[in-house]
Amino acid sequence: MKLSDRINAVQDRNQAAHPAHPVNPAVKGMTSVRTTVPQRAASAARVEESAGLHPAAVVPSPATASDPAAQTPKSKPVDVFAAMKLRAANALFERMGTRFNDASVTEHELRSTAKEELTKIIDAEQVPLSAEERIRLVRDVADDVLGYGPLQRLLDDPAVTEIMVNRMDQIYVERKGKLTLTESRFSSEEHLRKVIERIVSKVGRRIDESSPLVDARLEDGSRVNAVIPPLAVGGSSLTIRKFSKVPLTVRNLIDFGTLTPEMAELLDACVKAKLNIIVSGGTGTGKTTLLNVLSSFLPGDERIVTIEDAVELQIQQQHVVRLESRPPNTEGKGEVTIRELLRNSLRMRPDRIVVGEVRGGESLDMLQAMNTGHDGSLSTVHSNSPRDAVARLETLVLMAGMDLPLRAIREQIASAVNLIVQISRLRDGSRRITHVTEVQGMEGDIVTLQDAFVFDYSAGVDAHGRFLGKPVATGIRPRFIDRFEDLGIHVSPAVFAGSLSPVAK
C-alpha cells in the first residue's frame, strides 16, 4: 500500500472511531498527502491562529494522536519527506550501481544521469510534491550520493572559511573569524565515514582502522584532515579549511587590512630581488594565502617548483612543476617525503623553489639550497614571532639527525634567510601581518633581526572590538635595499617613512 493510501486509511478509521467529532476540513486538508504544500501551510496557519498557539508550540501527544482535529500538520510532512529521501537514495544506489566508481564517466555526466534516475524514482513513488519540495529532494539526495552530504552547502557558501565536524551531529563553521554551530548534521556515523572515504579516495589516500588519520584535499585545493575511531573517541572528526575558488590578490589583502600598500611594494621588490623569504605564523593565520600572494610577484619567465604535503598553492604562472609527497601504502612501503622531493627538485633546474611548509628535517635541505645558488626561495613555518621562527628553524634542522653544532645551524639560518614575514590572527578574528623583519646576520652566537614594519596595537579597538591599528614602518632602512639598487629595483623612500620608534632585537 502506498504512503498516501495508508495515511487516508488512518484518517477514515479515526473518523469512524470519533463520529461525535467530525473532521475539520481544514485540518483534514493539512494531514492528507493529496493536499499541496501551500494549502497545508495555509490551513496550518489558520488552525494555529484560531487556537492562539505559535506554530512551534503545537506538539502532538499520544493522548491526541487518534484525534485528527488535535493533530498538528507539522510533523507528518517532515517525516514523509525524510522517509522519501532515504528511499530515493537507496533506490538510486541500486539503479546506478558501479557507475558511481566508473572513472570514464565525468562528474557532470554522473550528476545528469543521477538526476534523471531520481526523477523516475520520485514519479514511481506517486507522492505529490511541490516544485520546491522536488528540487530540494533531488538536491539533498544528489549531495548525499555524489557530493559531501550536509557539508556540500557549507562548501558552496563563500562566507564559510572553515568547516569543523566534531561528530556526526555537531558541525561548526567559521565565518569572518568567528565559530558558530550549524543545524547541519549527518544521519549516522556511517554516513560521515562514507563522506570521509569519498574525500580521501579521490586523492589516492586511505583511511581505516590501521591508518585512522589522514591529510587530504578537495578538488579546489581545500585542506582536509580526518580522524576516525579508535583515535577519535567521540566519533569521526573532519576539518576542512576552504580555499577561495578565486585566488586572493595583494589588492584583496590590502582591502582586508592584512597589509598596507607600502608593505606590498616592499614585498614585491623583495621577491623580484630574489630574497629568501620565510612566512611565519600560527595555525589558521593565513600563511598559505600569503605565500600565494607572494608567489604572484614571481616573474612569469622563471621555472618554479612547488613542494607540498598536499597540493594547496594556487600558483598563477605557467612554468610551474608541482610536487606532492606520498604516504606509505598498506604494506608500509612507497613513502616519498618532502625531504626527498626537495633534494630531487635541485636536479630540476629550478629558478624558484616554493616549499608549502617546513616541519622536519627538510628545513636543513632548504637552508642548504638557499645557500647554494637557489635564491628567491619561499616557504612557511609555524611560529608566533620572528624570533620564534629562528628558534623553530634551529629545532627543525636538529630533526634532520645530522648532529650539527648550534652555532653552525644559526650561521646557516643567518646566511640563508633574508626576510621573515610574521602573520597573526588577532582576537577580533582578523588576520594581519604584524612584522616584516630583516635577518641581518650574526652577533656572537645570536642571529640579529631588525623590524622594518610592525603592527600598531596602540591605536586600540573600535566599538565592535575590531583593531583600528595597521602595520607601520619603523623608519629603519633595511640593508638589502642596497641589493635593490644593484638590480635596478626601485622602492619609494616613502615606504620607510614610519611613525614608530625603531625596534631592534
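**I277 and its surroundings**

Author: Start with the neighbours. Leaving aside residues within four places in sequence, I277 is in contact with C270, V271, L294, S377, L378, S379, L419 and V421. Contact means heavy atoms within 4.5 Å. This is a predicted model: local features need pLDDT of at least 70, side-chain atom pairs need pLDDT 80 or more, and totals for chains, interfaces and linings use all residues. Residues are numbered from 1 along each chain as its sequence is written, and side-chain values use heavy atoms, without hydrogens or water.

Now the core. I277 belongs to the largest nonpolar core, which has 41 residues. Such a core is a set of buried Ala, Val, Leu, Ile, Met, Phe, Trp, Tyr and Cys residues joined through side-chain atoms within 4.5 Å. Buried means under 20% relative accessible area, exposed over 50%, and partly exposed in between, with a 1.4 Å probe and protein chains only. Together with L266, L294 and F484, I277 touches the most other members. Two or more residues each come from α9 (250–256), α10 (261–272), β7, α11 (287–295), β12, β13, β14 and α16 (481–487). Helix α10 gives the largest share, 7 residues. Helices (H or I, at least four residues) and strands (E, at least two) are DSSP runs, numbered from the N terminus. A second, separate core holds 32 residues, including L342, I353, M366 and A389.

Next, the strand. V279 has T380 as its bridge partner in β11. Two strands pair if DSSP finds at least two bridges between them.

Step out to the sheet. It is open, with 9 strands in the order β9-β8-β10-β11-β7-β12-β13-β14-β15 and mixed pairing. The edges are β9 (320–324) and β15 (471–473), each pairing on one side only. From one strand to the next, the twist averages 30°. Helix α14 (residues 386–398) lies across β7, β11, β12 (419–425), β13 (431–443) and β14 (446–455), and runs at about 140° to β14. Axes are lines fitted to C-alpha atoms, for helices over the stretch in contact, with angles from 0 to 180 degrees between N-to-C directions.

The structure holds 4 aromatic pairs. Rings of Phe, Tyr and Trp (its six-membered ring) pair if their centres lie within 6.5 Å; planes under 30 degrees apart count as stacked, over 60 as edge-to-face and the rest as tilted. The rings of F455 and F467 have centres 6.4 Å apart and planes at 75°, so they are edge-to-face. F455 lies in β14 and F467 in the loop between β14 and β15, so the pair ties together parts 12 residues apart in sequence. F455 is buried at 5% relative accessibility. F467 is buried too, at 9%. Y457 and F467 have ring centres 6.0 Å apart and planes at 85°, so this pair is also edge-to-face. Y457 is partly exposed at 43%. F455, Y457 and F467 form one aromatic cluster.

Last, confidence. pLDDT is the predictor's confidence in each residue, from 0 to 100. The chain averages 79, and 74% of the residues score at least 70. Over residues 20–79 the pLDDT is below 50. Low-pLDDT coordinates should not be read in detail.
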